[in-house]
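Open the structure in your viewer and keep the selection tool at hand. The tour goes from stop to stop, with a short note on what to select at each.

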Amino acid sequence: QVQLVESGGGLVQAGGSLRLSCAASGRTLWYYTMDWFRQAPGKEREFVASISWGGGDTSYSDSVKGRFTISRDNAKKTVSLQMSSLKPEDTAVYFCACETRWGTPFTPDYWGQGTQVTVSS
């Protein structure tokens with residue numbers, strides 16, 4: 001069992017930056033692929049970014065590529081999402097997640113509760 005807790009959400013103006021963090025506890029984290037998903041009001045949850053267990057491979061959705069950066073620290077059991085050049089359409093609840101496999105489609109086994117990110121225009 002893995003528990004995931006997100007933090008760092010908030011309100012930011014368009015063009016600004018925000019850094020989300022996810023703290024994991026429970027089973028050993030190092031062999032899990034770590035993901036970020038988001039869900040905007042009235043829309044389905046969508047993939048944002050993923051990082052392999054060693055950090056050597058990353059994957060991003062086209063909508064955030066070049067603006068968001070995912071990273072992880074296995075010793076601290078944390079994963080982060082640095083978000084820059086934020087747009088109003090990035091407004092959503094952001095979820096940290098993890099899974100034991102790598103590759104699309106990313107289908108997490110465990111989910112956090114989510115943190116709200118609101119980008120004002």
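A residue counts as buried when its relative accessible area is under 20%, and as exposed when that value is over 50%. Keep in mind that the model is predicted.

**Stop 1: a buried arginine**

Select R67. Is R67 buried or exposed? Its relative accessible area is 12%, so R67 is buried.

**Stop 2**

Keep D90 and select R38. A salt bridge joins D90 and R38, with the closest N and O atoms 2.9 Å apart. R38 belongs to strand β4 (residues 33-39) and D90 to the loop between β8 and β9 (92-99), so the pair ties together parts that are 52 residues apart in sequence. Both D90 and R38 are buried.

Which residues does the network join? Select R38, E46, R67 and D90: salt bridges that share partners join them into one network.

Next, go to D62 and K65. They form a salt bridge as well, with the closest N and O atoms 3.3 Å apart. D62 has 68% relative accessibility, so D62 counts as exposed. How many salt bridges does the structure hold? There are five.

**Stop 3: the open sheet**

Switch to a cartoon view. Select β1, β3, β8 and β7. These four strands form an open sheet in the order β1-β3-β8-β7, with antiparallel pairing. From one strand to the next, the twist averages 15°.

Six bridges pair β1 with strand β3 (residues 18-26) in the antiparallel sense. Select E6, then find its bridge partner in β3: C22.

Step on to β8. β3 and β8 run antiparallel and are joined by six bridges. Here, select L20 and look for L81 in β8, its bridge partner.

End at β7. β7 pairs with strand β8 (residues 78-83), antiparallel, over six bridges. Select R72 and its bridge partner in β8, V79.

As you look along the strands, note one general point. In a regular strand the side chains alternate between the two faces of the sheet.

**Stop 4: the nonpolar core**

Select L4, W36, L81, M83 and Y94. They have the most contacts inside the largest nonpolar core, which has 29 residues. Which strands supply at least two residues each? They are β1, β3, β4, β5 (46-51), β7, β8, β9 and β11 (115-120).

Center the view on M83. Leaving aside neighbours within four places in sequence, M83 is in contact with G16, S17, L18, L20, R67, F68, Y94 and V117.

**Stop 5: aromatic pairs**

Show the rings. A pair of aromatic rings is described by the distance of the centres and the angle of the planes. How many aromatic pairs are there? The count comes to six.

Select Y32 and Y110. Their ring centres are 6.3 Å apart and their planes stand at 70°, so this pair is edge-to-face. Y32 lies in the loop between β3 and β4, and Y110 in strand β10 (residues 110-111), so the pair ties together parts 78 residues apart in sequence. Both Y32 and Y110 are buried.

Move to F37 and F47. With centres 5.6 Å apart and planes at 75°, their rings are edge-to-face. F37 is in strand β4 and F47 in strand β5; the pair links distant parts of the chain, 10 residues apart. F37 counts as buried at 7% relative accessibility. F47 is buried as well, with a relative accessible area of 19%.

**Last stop: the aromatic cluster**

Keep F37 and F47 selected. Together with F37 and F47, they form one aromatic cluster.

Note on methods. Residues are numbered from 1 along each chain as its sequence is written. This is a predicted model: local features need pLDDT of at least 70, side-chain atom pairs count only at pLDDT 80 or more; totals for chains, interfaces and linings use all residues. Side-chain values use heavy atoms; hydrogens and water are left out. Two strands pair if DSSP finds at least two bridges between them. Axes are lines fitted to C-alpha atoms, for helices over the stretch in contact, and angles run from 0 to 180 degrees between N-to-C directions. A salt bridge is a side-chain nitrogen of Lys or Arg within 4 Å of a carboxyl oxygen of Asp or Glu. Buried means under 20% relative accessible area, exposed over 50%, partly exposed in between (1.4 Å probe, protein chains only). A nonpolar core is a set of buried Ala, Val, Leu, Ile, Met, Phe, Trp, Tyr and Cys residues joined through side-chain atoms within 4.5 Å. Contact means heavy atoms within 4.5 Å. Rings of Phe, Tyr and Trp (its six-membered ring) pair if their centres lie within 6.5 Å; planes under 30 degrees apart count as stacked, over 60 as edge-to-face and the rest as tilted.
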